[in-house]
Amino acid sequence: MCGSSPPTPPAPATRPGQSARTCTSYLYVGAPQAWQAGYDGTGTTVAVLDSGVDAEHSDLIGAVKAQQNFTDSPDVADRDGHGTHTSSTVAGRGVASNGRNKGVAPGAQLLSGKVLNDSGSGDLSWIIAGMEWAVAEGADVISMSIGTSEPVDCTDPMAAAVDRISASSGVLFVVAAGNLGGPAEAISSPGCAASAMTVAATDLTQTTADFSSRGPVLANHAVKPDIAAPGVDITAARAGGRGDSAYVDMSGTSMATPHVAGAAAILKQQHPDWKGQQLKAALQNSVRSESKVGIYEQGAGELDVAQAVTQQVTGPGTVDLGTFAWPHTPDQKLTQQLTYHNSGTEPVTLTLTADARGNNGNALPAGLISFDPSATVAAGETVDVPVTIDPSAALDPGAYGSVSARVVATGNDGPTVVTPLGFYLEPQYVDVTFKLIDRDGKPAASITSLDVFDLDSIAAQRVGFDGADQTLHLRAGTYSLAATIAHDDANGLVDSYAFLGDPEITLTKDTTITYDARTAAEAKVTTQRPTERKGGSLTYGRIVDNWILASSRGYGTQVKSIYLGATPKARRGTFEVVEGWQYGSPAGTESPYLYSLAFTHEQQVKGKPDHRVRDRDLATIDATYYTPGNAYNYSEYVDVWRPWSINLIPTGDRGTVAAPTRVQHLVTADRDTKVSQMVGHADAMAWPFATLMTSTATAYKAGSRHSESWFKAGLRPGLVTDQTTGLKYAPAARDGNTVWSNFASWSDTEPGHFSRQGFLDLGGTELLADGVSLGEYGYYGQGVWDVPAAATNLELVYDLIRWQRGDYKWESPSSVETRWKWKSSAADAGKPLPLLFPDYDLAVDLNDRAPRIPVFPVSITAESGQRYKPGRFTSARVWTSYDDGTTWNPTPVVNLGTKAVALVNNSKATTFVTLKVELTDSNGKSVTQTLTRFYGIR
């Protein structure tokens, strides 16, 4: 079995949302140990109800004994690929990989019921018909990697059919929990069905996948999921895949489900007389008992097939004790027997413990759940262990709701028996009336809102106000309340905002809460230099247990005032209110400047917010705005990041910069506040037509001085960069026998700058293998290609074109073609591609035009993304064209190893210079880049 620790060191590169693999998933769940014991599913039948199956795939030849199409598609063929993947995870033979990519139960036979059509959708009637067909065909286990697109209350026909057919046939339905994430009540149907074995997804480090639906079931609070299995980057058969393209990686609870279905087949082979619910309980009992998360994430825990086939003591599976109504009294006390059976030849003494948690995830007091700490089970006998629930036990308000306990019975011989136990303690509810009063003393209206954040159950709602009070029926507990009260001027436009709230307030009885904007103090800013207010923003964030509720309102000059009400101090998590302010130099100032300020109130708002700003307490950025052509108006945003923020916090509204020009920026200097700019070269429609150049967010020191240039000549394709850290992502990588690319659009010569494609940035990518095209993608720099496993000469081509729309002012460069060449094989799987990205530096005027001189130096360096470091240049060649690439002239180059300098003869140019650059580093990697109209001549 694979180890449960994270891989060290991590694999060189993964796609966003993927995890590095340390082994194939069947090893992780312990299938080989079951095979060695003689159990591989032989003699059992697993029905896979999905999108069909590629029965001619080498891993599945001979495995599929019957197929049936229940959809509106023409035949049983799997044109979606989902069903083939899940089928091979159940019972794939691993032929195409010499045994590496086997299914969990490679001896099992498969029934393929196509209940999802070629678009991946299915009607209820198709799915239910598929269930009934599978039972009629003799299925022992039915695997269903399907589910609704939203949480359900489990009163639907599909869930009812699962319970009905399970009871009448004894078959085990193994069903995906869903991919709706959390924090709770996100289980889809039919995974919500009580009899189903509902499967959550983990990666190979015991971490629950972000996408995996959390329980309990919506409305009825039933305990789900039941078990967890690997569901992140699972390698299995690709429909239509042959040879080097036989496999594909997929993620989802759909991928976790067939692991459990295969395990159920193995247990069915070992215990042919067992019914579905016995298989379910045994698989739950034998999970990895060291799971550290609650049962509403992973059920009993992670699948362990190796333990399942050796387990001698078994106990109950999921125990759902239902709902205890409020108010909670001693007469609600309930005792439930947990029955353990010992199939071995020696008595076993069990020591019982329980990881019991309230709805808020905190440990529960001992009085709520009690049981005998030990019990002895004689050989061949059973024993009942009573568990008593006393709902009248004194609890913190946040503990009420969905209560969970993972009961672990550890035998004196070592193995554990795990049972997930849950119930719902109905919380107390209170009626809270909210009165929001505006600056005129009237009931608040306009775009006023109140955020109500339940810190116990991590649930939030945003309530609007239209001139009347609002009464909310809330569960008793701890809340964060945040009111943003808007006031309108005579024209119906907002002219002020007031923020008031309580970041941590306990509500245990009916009450009225009033937030009166007249009690809030006006926030004021005084700058050292003369200024005119340009705009601002009002933002707050409340963070608890890594869940974030935030709101940000940006505005221009129409908002005249901001008011802040004093708040109590937050004790749990993070609470911040951030004031954003922009003040610019008065109109007509010869040397313009702009203050972009952020003032943060940490954990509480107190006192009167009166900010007197001195330049020495700020950082100064001397910004130069070049234009790749004629004068033009840029869009500009200056934003900040706080440690908790997942989105930009604006300091003001979108600004306009008349380029070319120079502006001095004075920005907040604070170690926990990072400042970032975005400058958009836009046409009359601005963003999203703009090429929006982004800087790396930086925390500045007071009194520091910096320079920054925008759209300076040297524009070329760059690297996608993490805006908050400056980390340059791998622009492309190889996963198995798949190559993918994810290139940025234009980058200028300022380190850390990059842009995403605007609507006027066109182009595409193409990959060639030994000179033969593997396909073209027209969407900018993104592409995915299947490549040969054998060592092959690959060439990746990226075209970036600037569309000259109407009287658009972007002149240079008009297009860039970049070609990378390298040799690659399957041994490079998991590695970033060794791509060199040329970077340039050249002396130009503010219109990106160079002088007409005979020797004009153009400096050339190279960068790369994560985990590939370019070597020294062993070759650097440059050609120059003065007719847009029709004819080329060799250009002298001085190769300094880490830098090359091309000596371009600009005296021959009339309008533009086109450059072709060819670089090879000491690792043998090369790039050829052609920059049409790279810069203009003045």
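Student: How many bridges join strand 44 and strand 49?
Tutor: Let's begin with the words: strands are DSSP runs of E with at least two residues, numbered from the N terminus, and two of them pair if DSSP finds at least two bridges between them. This is a predicted model, where local features need pLDDT of at least 70, side-chain atom pairs count only at pLDDT 80 or more, and totals for chains, interfaces and linings use all residues. Residues are numbered from 1 along each chain as its sequence is written, and side-chain values use heavy atoms, without hydrogens and water. Strand 49 covers residues 782-786, and its antiparallel pairing with strand 44 counts 5 bridges.

Student: Which residue is the bridge partner of Thr738 in strand 49?
Tutor: Thr738 belongs to strand 44, which covers residues 738-742. Across in strand 49, its bridge partner is Asp786.

Student: How many residues of strand 44 are buried?
Tutor: Buried means under 20% relative accessible area with a 1.4 Å probe and protein chains only; over 50% is exposed, and in between is partly exposed. Strand 44 has 5 residues and is mostly covered, with the buried ones numbering 4.

Student: Which residue in the turn between strand 43 and strand 44 has a positive phi?
Tutor: Strand 43 (residues 732-735) pairs antiparallel with strand 44 over 4 bridges, and Arg734 stands opposite Val739. The two strands form a hairpin with 2 residues between them. The turn residue with a positive phi, about 60 degrees, is Gly736.
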